Amino acid sequence: MKKEYDFSQGKRGPVSAPPANKTRITIRLDNDILAWFKIKVHDSGGGSYQTMINEASRQYISTEKEPIENILRRVIREELRT
């Protein structure tokens, strides 16, 4: 690194703050799922595949008939039986 660079006043972290209603997470998706979203974004002329995944998640949640608590209870009971 060149000696003329002075990072003594530098700060760690992102250059810009994330939006208040967004949270950074790490999520593992199957390669084919991620590829599908990226293709859809490309075919639609650009944008963000992450935004498209977010919108698809919202749409799924809005059509969900069974409350999440009931789903969790059912899954836990099924797991306890095995």
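View 1. The protein chain has a radius of gyration of 21 Å, whereas a compact globule of 82 residues would have one near 12 Å. The model shown here is predicted, and in it the C-alpha atoms of the protein chain fill a box of roughly 65 × 35 × 25 Å when this is taken along the principal axes. Three helices and zero strands are found in the protein chain, and the order of its elements, read from the N terminus on, is α-α-α.

**View 2. The surface and the charges of the protein chain.** Buried residues account for 4% of the 82 residues in the protein chain. The accessible surface amounts to about 8600 Å², and carbon and sulfur atoms hold 54% of that surface. The protein chain carries 15 positive and 11 negative charges, and the mean position of the positive charges is 6 Å apart from that of the negative charges.

**View 3. The largest pocket and its lining.** The largest pocket contains about 910 Å³ of space. This pocket is lined by 21 residues, of which Lys22, Thr23, Arg24, Ile25 and Gln50 are the closest to its centre. Helix α2, which spans residues 49-63, gives the most to the lining of the largest pocket, contributing seven residues.

**View 4. Ser16, in the segment before the helix α1.** Ser16 has its place in the segment that comes before α1, the helix of residues 31-43. Because its relative accessibility is 54%, Ser16 counts as exposed, the cut-off for that class being over 50%. Between Ser16 and Gln59 there are 29 Å in space from C-alpha to C-alpha, and the two residues are 43 residues apart in sequence.

**View 5. Leu34, in helix α1.** Leu34 is a residue that lies in helix α1. Its relative accessible area is 23%, and Leu34 is therefore partly exposed, since residues count as buried under 20% and as exposed over 50%, with the partly exposed class in between. Leu34 and Ile53 are 19 residues apart along the chain, and a distance of 8.9 Å separates their C-alpha atoms.

How values were computed
Residues numbered from 1 in each chain as written. Predicted model: local features only at pLDDT ≥ 70, side-chain atom pairs only at ≥ 80, totals over all residues. Heavy atoms only, no water. Helix = DSSP H or I, 4+ residues; strand = E, 2+ residues; numbered from the N terminus. Rg over C-alpha atoms; globule rule 2.2 N^0.38 Å. Buried < 20%, exposed > 50% of the residue type's maximum accessible area, 1.4 Å probe, protein only. Areas by Shrake-Rupley, 256 points an atom, 1.4 Å probe, with all protein chains shown as cover. Lys, Arg positive; Asp, Glu negative; His and termini not counted. Charge placed at Lys NZ, Arg CZ, Asp CG, Glu CD. 1 Å grid on protein atoms, 1.4 Å probe; cavity = no way out; pocket = protein on both sides within 12 Å on 5 of 7 lines; lining within 4 Å. Points joined across faces, edges and corners; volume = space filled by probe spheres on them.
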